[in-house]
Amino acid sequence: MLATPPEQSRSAQDKTGCLHLPAFNAVIVGNGAIGGALLECLLANPRLNRVMVLGRRRRPADIDASVDYLRFDALDPNSISSAAAKVHQQLDHVHLLINTVGMLHSTEQQPEKRLRDVSAKSLQQSFMTNAVLLPLLAQSFSPLMRHADPAVLASLSARVGSIADNRLGGWYSYRASKAAHNMLLQTLSREWSLSHRNVSVVALHPGTVESPLSSPFISTTYGKRVLSAKESASALLAVIEGLRPGETGAFYDWQGHSIPW
Ligand SMILES: NC(=O)c1ccc[n+]([C@@H]2O[C@H](COP(=O)([O-])OP(=O)(O)OC[C@H]3O[C@@H](n4cnc5c(N)ncnc54)[C@H](OP(=O)(O)O)[C@@H]3O)[C@@H](O)[C@H]2O)c1
């Protein structure tokens with residue numbers, strides 16, 4: 001892992017990453033609060049050629065007409081490969097693949113406060129959504145990411161997935177599945193540093209962001225900064241923009257600070 005935060009690593013003149021190609025193609029996986037805000041930011045970038053969104057619901061009515069929308073479910077591996085195949089029918093290259101899918105709670109599952117709340121089912125659901133999806137995406141998008149242009153595979157993790165940072169405990173399934181996500185990502189980055197030398201593979205913590213995933217757990221007395229999805233998305237794109245050529249296997253927060261694994 002590299003010690004220099006990406007925002008300090010490149011001068012304004014040295015913009016050589018995927019977002020500075022004359023025309024780049026992006027795929028956003030998940031269209032929740034942060035995924036939707038990333039889409040808005042990318043649509044405002046004049047260098048964007050095509051953007052495709054993978055989501056689990058029907059095409060949202062408010063999504064821009066220029067955006068291709070494909071359905072998939074992280075719990076159904078075939079739907080991931082078939083969505084990637086549909087992307088491949090339309091694009092030869094993907095320059096930016098951002099995974100924004102995540103699950104902290106559902107109608108059947110709440111983050112565990114203590115050991116007795118843990119169940120095999122809650123662990124399995126969390127692992128499928130928060131961890132297993134990442135390598136399946138990488139497998140399916142591998143041919144689209146392997147080309148001569150700079151490219152980034154960024155996957156949203158969470159600071160609570162850092163084993164070194166776990167001082168509070170609780171949230172077993174979410175923490176463990178994000179830690180597994182991080183290990184899968186780091187392992188992928190090692191393999192792709194040989195086979196996909198153009199791709200930076202990075203885990204990103206988006207900050208504490210107002211969203212359906214987090215809002216039930218942000219109390220009025222929460223002492224830290226809560227970002228809007230728009231603030232988080234533009235900060236995350238700045239971190240992606242600041243990655244050095246060849247930089248891979250890093251875990252950064254939205255401010256570009258390195259997080260211990
Ligand atoms: N918000 C925060 O404070 C915070 C902090 C740290 C990390 N993160 C991470 O940031 C990422 C984005 O979270 P967010 O805040 O934008 O939350 P969000 O608005 O709830 O977005 C999560 C997205 O994941 C999708 N998803 C969940 N299960 C899925 C499945 N089985 N198949 C396909 N899609 C599925 C959701 O789909 P539906 O729209 O269909 O529900 C939603 O689009 C997550 O990885 C989260 O862990 C967020």
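A: Begin with residue classes: Ala, Val, Leu, Ile, Met, Phe, Trp, Tyr, Cys and Pro count as nonpolar, Asp, Glu, Lys and Arg as charged, and the others, Gly among them, as polar. By these classes, the shell around the ligand holds 13 nonpolar, eleven polar and four charged residues. The model is predicted: local features need pLDDT of at least 70 and side-chain atom pairs pLDDT 80 or more, while totals for chains, interfaces and linings use all residues. Residues are numbered from 1 along each chain as its sequence is written, and side-chain values use heavy atoms, with hydrogens and water left out.

Q: Which residues come nearest to the ligand?
A: A residue is near a molecule or strand if one of its heavy atoms lies within 4 Å of it. Of the 28 residues around the ligand, the nearest are A33, R57, Y174, V209 and S211.

Q: What lies 2.7 Å, 2.8 Å or 2.9 Å from an oxygen atom of the ligand?
A: A polar contact is a pair of N or O atoms within 3.5 Å; within protein, one must be able to donate a hydrogen and the other to accept it, and residues adjacent in sequence count only if both atoms are side-chain atoms. Here an N or O atom in the side chain of R57 is 2.7 Å from a ligand oxygen. For R56, a polar side-chain atom lies 2.8 Å from an oxygen atom of the ligand. I34 uses a polar backbone atom, 2.9 Å from a ligand oxygen.

Q: How much of the ligand's accessible area does the protein cover?
A: Accessible areas come from the Shrake-Rupley method with a 1.4 Å probe; for residues, only the protein chains shown count as cover. On its own the ligand has 890 Å² of accessible area, and the protein covers 92% of it.

Q: Which elements give two or more residues to the shell around the ligand?
A: Helices (H or I, at least four residues) and strands (E, at least two) are DSSP runs, numbered from the N terminus. The elements in question are α2 (33-43) and α5.

Q: Is strand β6 buried or exposed?
A: Buried means under 20% relative accessible area, exposed over 50%, and partly exposed in between (1.4 Å probe, protein chains only). In β6 (residues 199-205), seven of the seven residues are buried, so the strand is largely enclosed by the rest of the structure. V199, V201, A203 and H205 point one way, S200, V202 and L204 the other, and all are buried.

Q: What joins β6 to β5 and β7?
A: Two strands pair if DSSP finds at least two bridges between them. β6 runs parallel to β5 (residues 151-156), with six bridges joining them; the partner of S155 in β6 is A203. Four bridges join β6 to β7 (residues 250-253), again in parallel, and H205 stands opposite D253 there.

Q: What is the hand of each β-α-β unit that contains β6?
A: A crossover is right-handed if, with the strands pointing away from the viewer, the path from the first strand over the helix to the second runs clockwise. The unit of β5, helix α5 (residues 172-195) and β6 is right-handed. The unit of β6, helix α6 (residues 229-241) and β7 is left-handed.

Q: How many residues of strand β2 are buried, and which strands pair with β2?
A: Six of the eight residues of β2 (residues 48-55) are buried. β1 (residues 24-29) runs parallel to β2 over six bridges, with M52 as the partner of V27. From β1 the chain crosses through α2 to β2, a right-handed β-α-β crossover. On β2 there is also a parallel pairing with β3 (residues 68-71) over four bridges, where D68 is the partner of M52.

Q: What does the side chain of N130 reach?
A: N130 sits in helix α4 (residues 120-145) and counts as buried, at 2% relative accessibility. Its side chain reaches the backbone nitrogen of M103 at 2.8 Å. The side chain of N130 also makes a polar contact with the side chain of S177 (3.1 Å).

Q: What is the phi of W171?
A: W171 has a positive phi of about 50 degrees, although it is not a glycine. W171 lies in the loop between β5 and α5 and is partly exposed, with a relative accessible area of 28%.
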